[in-house]
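Here are a few exercises to work through with the model open in your viewer. Try each task by eye before you read its solution.

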Amino acid sequence: MPKRSLPSSELSLLQALEKRFQLIRDRVGSVAHRYHTGCYLVGRPGTGKTYTVRKELERLKEPSVYRNARMTPMGLFCLLAEAPEHIVVLDDIGTLFKNDQAMQILLAALDGDPTEPRVVRYKSKDKDETINLTGTVVAISNVPLRCDPLAKALGSRVVTLEHEPTDDEMSAFVRDLALKGVEDL
């Protein structure tokens with residue numbers, strides 16, 4: 001059976017989508033190579049954000065930790081303390097970005113020169129802990145940052161990228177995968 005390919009109109013859509021994926025890889029690379037302390041990647045679900053980030057970190061062979069679903073502010077602090085030199089990937093943990101305490105931890109973690117240690121402190125009645133953080137953060141979300149002073153401060157410390165491929169680009173991508181065989185879907 002001859003191999004089928006997409007028509008040229010869909011190939012141009014696929015090329016446009018590849019440029020969008022390359023932007024994600026570039027942002028992840030800038031964080032991995034310590035040009036930036038963090039990146040906030042936002043876009044609608046199912047468009048390849050997480051897949052692209054994880055594949056790029058794998059390709060770069062950079063030490064990273066990946067967390068999704070739910071995390072408390074203290075959970076975030078402990079994660080940073082456990083992996084102070086790693087790239088921390090926070091995937092769809094919207095509760096963190098709605099929580100002022102978590103935002104303050106992120107502000108400390110992402111403030112300053114990405115090539116120098118950043119001091120993150122957590123003080124409560126029972127705890128007084130400090131981290132010298134040299135790692136970075138990649139946050140992936142379907143929701144843009146809030147529009148309040150803490151979120152604006154966070155946005156000023158990281159590179160942000162909106163990943164909003166068109167429906168036509170995503171359709172061309174899925175058709176291309178289907179033409180390559182079911183195992184790629």
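**Pockets, a cavity and buried helices**

**Exercise 1.** The second largest pocket holds about 150 Å³ of space; work out which residues line it and which helix gives the most to that lining.

*Before you start.* This is a predicted model, in which local features need pLDDT of at least 70, side-chain atom pairs need 80 or more, and totals for chains, interfaces and linings use all residues. Residues count from 1 along each chain as its sequence is written, and side-chain values use heavy atoms, with hydrogens and water left out.

*Solution.* 
- Step 1: A pocket is an open set of points on a 1 Å grid over the protein atoms alone, with protein on both sides within 12 Å along at least five of seven lines, and lining residues have an atom within 4 Å of a point. Volume is the space filled by probe spheres on points joined across faces, edges and corners.
- Step 2: look for the main helix. That's α4 (residues 94-98), which gives the most, with three residues. Helices (H or I, at least four residues) and strands (E, at least two) are DSSP runs numbered from the N terminus.
- Step 3: sort by class. There are six nonpolar, three polar and three charged residues. Here Asp, Glu, Lys and Arg are charged, Ala, Val, Leu, Ile, Met, Phe, Trp, Tyr, Cys and Pro are nonpolar, and the others, Gly among them, are polar.

**Exercise 2.** Now describe the largest pocket: how much space lies in it, and which elements build its lining?

*Solution.* 
- Step 1: the space comes to about 390 Å³.
- Step 2: of its 17 lining residues, Phe-21, Tyr-51, Thr-52, Phe-173 and Leu-177 lie nearest the centre.
- Step 3: α1 (8-32), α2 (49-60) and α7 (167-180) each supply at least two lining residues. The largest share, five residues, is from α1.
- Step 4: the class count is seven nonpolar, four polar and six charged.

**Exercise 3.** How many cavities of 30 Å³ or more are there, and what lines the largest one?

*Solution.* 
- Step 1: a cavity is a set of grid points where a 1.4 Å probe fits but cannot get out. The count is one.
- Step 2: the largest cavity has a volume of about 50 Å³.
- Step 3: its lining reads Cys-39, Tyr-40, Phe-97, Leu-106, Leu-110, Val-137, Ala-139, Leu-154 and Val-158.
- Step 4: by class, you get nine nonpolar, no polar and no charged residues.

**Exercise 4.** Find the buried residues of α3 (73-82) and α5 (100-110), then check what sits at the two ends of α5.

*Solution.* 
- Step 1: buried means under 20% relative accessible area (1.4 Å probe, protein chains only). Across the protein chain, 42% of the 185 residues pass that test.
- Step 2: in α3, the buried residues are Pro-73, Met-74, Leu-76, Phe-77, Leu-79 and Leu-80. Their cover includes β2 (64-68), β3 (87-91), α4, α5, β4 (118-123) and β5 (128-133).
- Step 3: in α5, Ala-102, Met-103, Ile-105, Leu-106, Leu-107, Ala-109 and Leu-110 are buried. An α-helix has 3.6 residues a turn, so residues three or four places apart point the same way.
- Step 4: Asn-99 caps the N-terminal end of α5, with a side-chain oxygen 2.8 Å from the backbone nitrogen of Gln-101. Just after the helix, Gly-112 has a positive phi of about 110 degrees.

Methods. Buried < 20%, exposed > 50% of the residue type's maximum accessible area, 1.4 Å probe, protein only. Contact = heavy atoms within 4.5 Å. Polar contact = N/O pair within 3.5 Å; in protein donor to acceptor, adjacent residues only side chain to side chain.
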